[in-house]
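Here is a short report for a reader new to this structure. Look at the sequence and the model first, then read on.

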Amino acid sequence: MTIEFDAAVFRQPDAPLTIERVSLPDTPPPGEVLVRLQASGVCHSDLHVLAGEWDAPAPLILGHEGAGIVESVGEGVTTLAKGEHVILSWTPTCRRCRYCVSGRPVLCDMVSQHSANHLSFDGRTRVTSADDRNVHSFAGLGTFGQYTLVPESAAIPIRSDAPFEQAALIGCAVTTGVGAAVNTAQVRPSDTVLVLGCGGVGLNAVQGARLVGARKIIAADIADEKLAQALHFGATDVINSEQENFADRVRQLTDGRGVDVAIEAIGLPRTIEAAYEVLARGGKAVVAGQVADGVRVSIDPFVMSDQELSLIGSNYGSSNPAADFPLLIDHYLNQRIDLDSLVTRVIELTDLNEAFDEMKRGIGIRSVIKY
């Protein structure tokens, strides 16, 4: 038997998503769970596919930032039960490879082999279109439809009093941004932190730096509205890099030293290079923004060695979703981080193309689909 539902399907770059009737098995395969989604965030990573900046198969159900309720579980599933509330992780883990057992589950071998190719762990798809074509699911999740089949480790149980619209954002933007500051950069209370880009990831990097008590948090963007949002989320200083000399202003705010940590949350070569170039001696630049395929940056390796600078990547905030998702929910419900202000618009599935148009124009922080 199958479940039929509507989903937003990607067919080709630079074309609107189409709402189509699709289906998947109502009985999960061994080791998998069927989740009935309640909410999905609309993330810039999905826009990379829509704009043709990332190569992706078609047809494809986009969306990877979701929360919902377990509908049923497959044979061998031991950590989840019907009715549990979950956040989906786009880095499900095998729990056996050297990355998983050494505490770096976001680098799991199975993710690079299958989820990154929009497939399940067995290398297959789960969804079928009305014309009997196999439909891929973005990052193995495909949250722009109400149902999804995912590996057991991709559904992280959370407390049932967390609202789904806010919980969904922990599935990507919140974990990526907070984790870039807390896990990847390991910001200390004595640090001065710079965040370049005040979208969903950047604002959460600001929250992460605030969460650990950074002494100064500088946010940079080209939109005054986003800089005002950064102040709300915890920035102590802001720079409009279109109106001010960015490097001069950073040095002015740091008594000429530069910053201890710079987190790039945009995904552009010039901003990655700018983050690196304003580091204090011994500083770290963290690339959390997602770039288009084939992008390269240029740095001075002599300065890197001479001043012991670090340029490092951050995938999913270097997180352990099984531990970090419930922790972030606790932080939210105990008012240590703000998720409510991240949700600037609640939409229906049919509003998705409009939501992406608003994203392109820099309107709002996060649109969230409510199912």
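Glu-20 is buried, with a relative accessible area of 17%. Buried means under 20% relative accessible area, exposed over 50%, and partly exposed in between, with a 1.4 Å probe and protein chains only. This is a predicted model: local features need pLDDT of at least 70, side-chain atom pairs count only at pLDDT 80 or more, and totals for chains, interfaces and linings use all residues. Residues are numbered from 1 along each chain as its sequence is written, and side-chain values use heavy atoms, with hydrogens and water left out.

**Around Glu-20**

Glu-20 sits in strand S2 (residues 18-25). Helices (H or I, at least four residues) and strands (E, at least two) are DSSP runs, numbered from the N terminus. The side chain of Glu-20 makes a polar contact of 2.5 Å with that of Thr-18. Such a contact is a pair of N or O atoms within 3.5 Å; within protein, one must be able to donate a hydrogen and the other to accept it, and residues adjacent in sequence count only if both atoms are side-chain atoms. Leaving out residues up to four places away in sequence, Glu-20 touches Phe-5, Asp-6, Ala-7, Val-9 and Arg-11. Contact means heavy atoms within 4.5 Å.

**Strands**

S2 belongs to a barrel of five strands, closed in the order S1-S2-S7-S8-S4 with mixed pairing. Two strands pair if DSSP finds at least two bridges between them. Ile-3 has Leu-24 in S2 as its bridge partner.

Elsewhere, strand S5 (residues 66-73) has six of its eight residues buried, so S5 is largely enclosed by the rest of the structure. S5 pairs with S3 (residues 32-41) and is also joined to S6 (residues 85-88). Val-33 stands opposite Val-73 in S5. Ile-69 has His-85 in S6 as its bridge partner.

| Strand pair | Sense | Bridges |
|---|---|---|
| S1 and S2 | antiparallel | eight |
| S3 and S5 | antiparallel | seven |
| S5 and S6 | antiparallel | three |

**Nonpolar cores**

In soluble globular proteins, nonpolar side chains tend to be buried together. A nonpolar core is a set of buried Ala, Val, Leu, Ile, Met, Phe, Trp, Tyr and Cys residues joined through side-chain atoms within 4.5 Å. The largest one here has 98 residues. Leu-17, Leu-62, Phe-144, Val-174, Ile-263, Leu-352 and Phe-356 touch the most other members. Strand S1 (residues 2-10) gives the most to this core, with six residues. A second, separate core has 17 residues, among them Val-250, Leu-253, Ala-274 and Ala-275.

**Helix H7**

Which residues of helix H7 (residues 224-233) are buried? They are Lys-226, Leu-227, Gln-229, Ala-230 and Phe-233. These residues cover an arc of only 155 degrees around the axis, so they lie on the same side of H7. The arc is that of the directions from the helix axis to the C-beta atoms. The buried residues of H7 pack against helix H6 (200-211), strand S12 (216-221) and strand S13 (237-240). Gly-234 follows H7, with a positive phi near 130 degrees.

**Cysteines**

The structure holds zero disulfides. A disulfide is a pair of cysteine sulfur atoms within 2.5 Å. For Cys-43, the closest cysteine sulfur is in Cys-172, 3.9 Å away, which is too far for a bond. Cys-94 is in no disulfide either; the nearest cysteine sulfur, that of Cys-108, is 3.6 Å away. Cys-43 is buried, with a relative accessible area of 4%. Cys-94 counts as buried too, at 12% relative accessibility.
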